[in-house]
Amino acid sequence: MRSNVLWNSSRLPVLACVLAGFVFLAISGCGSSKQPTASEKERFPLQAGRYTVLGILTDNQDNNKAKENAEATLLRHPEIKCMVGLWSANTPMILAALRSSERLGDVAVVGFDEHPDTLNGIAEGNVYGTVVQNPYAFGYRSVQWLTMLAKGQAVDVPESSLIYIPHRRITEDNVQQFRNEVARMKKGEGPLLAPDLDLSGDGVRLAYITNSTDPFWTLAEDGCERAAGQFGCDVDVQMPSAGTIEEQKRFLESNVANQLDGIAISPIDPENQVQMINEACDATTVICQDSDAPKSKRQFYLGTSNYMAGREAGKLIKEIVPDGGEIMLFVGKLEVLNAQERSQGIIDELADKPVPAALQTP
């Protein structure tokens, strides 16, 4: 297929290159969706400056398992200082475990994303802060750029093929303002991110594939619908209810069979989805959003710089637990690239390692 991607070599080639030499820390402890190897187990506990990272517990996107992981952590590590949820659903399950264990307010909590329970926790003083992405922009920009490509217009993409959408930190100081912004998005009144773009998407049909069902993806759907309404194209937001690569494979195959003009996907297991993504790329335009599959033939990635978002979460941890102590990380699946990058960013920040030069802001 002819590519209309306009590569911009003046922008910094970032995360995928920078982290290529990093050894990502692996799954540890109870609740793992796959068993850690002996060498992976030996990495934990890990000392990062004044902090002891006990492990990274996975739950395979099962909320019951996520709560069990948090409860087990409280029992096994009564001196734990901070619990960190790397995915949207993890922080609410940490809060649920703290309530059931009667430890609410006793252990610091830092999270990711804007789950309503997380925002409530910040407002009530039970969560110190969360690092939010911009799923609304993920959806809006995916529809905008796929429509542009379908209509033969060029998309300005850095040479790295990574388009980063800024993250934000939400704490008690700005949580109500952020809630108001989210409420407007949910009412269909989110911002038009390209208000002056002259683009007609008449006849363009797109698919936006998430990695699960979650309030995070509802905001992405709001962004998709806002852009589709502006540009006049059709977009089908497809959410795998069980969060499996098999479901994503069926979505991809169905979209190709229906001759859609473009697909945006958040790969669940990038290493094991290269072939299915490449097969879709041979038939239509495919981009990655939220989580990347850099070894595939996708056109580009748009989403958060997850490593730098991890660094931001590490800063929140250092603010609420300045004297150090035991930390546990929780995530749905560690095989997803964004989980690896976030955990690495947190650990590097706690260890006071310098930010890689290619990621530093001028």
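This is a predicted model: local features need pLDDT of at least 70, side-chain atom pairs count only at pLDDT 80 or more; totals for chains, interfaces and linings use all residues.
Me: What makes Phe138 and Phe216 an aromatic pair?
Reply: Their ring centres lie 6.2 Å apart. The limit for a pair is within 6.5 Å. The rings therefore qualify. A search of the whole structure finds seven aromatic pairs, this one among them.

Me: Why is the pair of Phe138 and Phe216 called edge-to-face?
Reply: The angle between the planes is 70 degrees. Over 60 degrees counts as edge-to-face, so the label holds.

Me: Which parts of the chain does the pair of Phe138 and Phe216 tie together?
Reply: Phe138 belongs to helix H6 (residues 135-150), and Phe216 to helix H8 (residues 215-231). The pair therefore links parts that are 78 residues apart in sequence.

Me: How do you know whether Phe138 and Phe216 are buried or exposed?
Reply: Compare relative accessible areas. Phe138 has 0%, and Phe216 has 5%. Buried means under 20%, so Phe138 and Phe216 are both buried.

Me: Why is the pair of Tyr208 and Trp217 given its label?
Reply: Here the ring centres are 6.2 Å apart and the planes stand at 65 degrees. That distance is within 6.5 Å, and that angle is over 60 degrees. So this is an edge-to-face pair.

Me: Are Tyr208 and Trp217 buried or exposed, and what makes them so?
Reply: Tyr208 has a relative accessibility of 1%, and Trp217 has 2%. The cut-off is under 20%, so Tyr208 and Trp217 count as buried. Together with Phe138 and Phe216, these residues form one aromatic cluster.

Me: Why are helices H9 and H10 called roughly parallel?
Reply: H9 (residues 245-257) and H10 (residues 274-281) pack at an angle of about 10 degrees. Under 35 degrees counts as roughly parallel, so the term applies. Their axes are 10 Å apart, and the crossing is left-handed.

Me: Which residues make the contact between H9 and H10?
Reply: H9 contributes Ile245, Lys249, Leu252 and Val256. H10 contributes Met276, Ile277 and Ala280.

Me: How many helices and strands are there in the protein chain?
Reply: Twelve helices and 15 strands.

How values were computed: Residues are numbered from 1 along each chain as its sequence is written. Side-chain values use heavy atoms; hydrogens and water are left out. Rings of Phe, Tyr and Trp (its six-membered ring) pair if their centres lie within 6.5 Å; planes under 30 degrees apart count as stacked, over 60 as edge-to-face and the rest as tilted. Helices (H or I, at least four residues) and strands (E, at least two) are DSSP runs, numbered from the N terminus. Buried means under 20% relative accessible area, exposed over 50%, partly exposed in between (1.4 Å probe, protein chains only). Axes are lines fitted to C-alpha atoms, for helices over the stretch in contact, and angles run from 0 to 180 degrees between N-to-C directions. Angles under 35 degrees count as roughly parallel, over 145 as roughly antiparallel, 65 to 115 as roughly perpendicular and the rest as oblique. A crossing is left-handed if the near helix is turned anticlockwise from the far one by less than a right angle, and right-handed if clockwise. Contact means heavy atoms within 4.5 Å.
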